[in-house]
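Please have a look at it first.

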Amino acid sequence: MYEDKSALRCWLQGGVWGDMSCKDIPTYTHCGNCPVYSLASKSFFEKQVPKNYIKNQNANFSVYENREIEADDESLFVFEISGKILAFEIKSVYKIERFKNIHRIPHKDGKIIRGLVNIGGELHICVCLRQLLGLDNCESATDTKRRMIVCKHENKALVFAADFVFGVKRLPKNSVEKKSETDEDLLSSFSEKSFVTDGMRIHKMNLKKLFEAVIKRHL
């Protein structure tokens, strides 16, 4: 079954890079966690490179012109913390895991830097976005709903704990909310822009600012 779906490249059809109609998205959250995608990746790297492949590819790319590609909407990875709906760029989201035990780091108060967490055999620093963004301290979500989001930026990785994960959402450009000049709270300072759609206000986070704040001020 996995081989059949892999051959159809289902992640581009009904997956997060398609129309998101795949029935397995609620289970795996992202195609990168799905065994079909893992099998396709393994098959791709195990196959032999065709003769003259590099030469042909060089010829193909040499005729392309640099041009800007316009899109009508923006796909983001959306999640919730303390009642606020936040979002990361999909390319920055490396992995989604169920909530795991966090091991405290000596000489850290555990507020913003929660500690170390084991993700796939690797230790990563877990950051409390709730504290970093100055959000209300209400953890109503149960561990069955909470998730850990592993993000990467410039070869560095951090883990952010979320109360609930909505997954990938496509947000129309015309739903962007104009940023008020009076917004001076921490959430606004770490947000690139906000979308208002389906009765929700979704804040797209500036991952560069988040990483800089954590690394320079709290590590």
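**Pockets, sheet and cysteines**

Let me begin with the lining of the largest pocket, which by class has nine nonpolar, five polar and four charged residues; here Ala, Val, Leu, Ile, Met, Phe, Trp, Tyr, Cys and Pro count as nonpolar, Asp, Glu, Lys and Arg as charged, and the others, Gly among them, as polar. Please keep in mind that this is a predicted model, in which local features need pLDDT of at least 70 and side-chain atom pairs count only at pLDDT 80 or more, while totals for chains, interfaces and linings use all residues. Residues are numbered from 1 along each chain as its sequence is written, and side-chain values use heavy atoms, with hydrogens and water left out.

A pocket is an open set of points on a 1 Å grid over the protein atoms alone, where a 1.4 Å probe fits and protein lies on both sides within 12 Å along at least five of seven lines, and lining residues have an atom within 4 Å of a point. The volume is the space filled by probe spheres set on the points, which are joined across faces, edges and corners, and for the largest pocket this comes to about 330 Å³. Of its 18 lining residues, Pro26, Thr27, Tyr28, Thr29 and Arg147 lie nearest the centre. Strand E8 gives the most to this lining, with five residues. The second largest pocket has a volume of about 190 Å³, and its lining includes Trp17, His30 and Tyr94.

Five strands form an open sheet with mixed pairing, in the order E3-E6-E7-E5-E4. Strands E3 (93-98) and E4 (113-119) stand at the edges and have a single partner strand each, so one side of each is left without a neighbour in the sheet. E4 pairs with E5 (residues 122-127) in the antiparallel sense over six bridges, and Val117 stands opposite His124 in E5.

Finally, how many disulfides does a search of the whole structure find? The search finds zero, a disulfide being a pair of cysteine sulfur atoms within 2.5 Å. For Cys128, the nearest cysteine sulfur, that of Cys126, is 7.8 Å away. Cys128 is buried (under 20% relative accessible area, with a 1.4 Å probe and protein chains only), because its value is 7%; Cys151, at 0%, also counts as buried.

Definitions and conventions: Two strands pair if DSSP finds at least two bridges between them. Helices (H or I, at least four residues) and strands (E, at least two) are DSSP runs, numbered from the N terminus. Buried means under 20% relative accessible area, exposed over 50%, partly exposed in between (1.4 Å probe, protein chains only).
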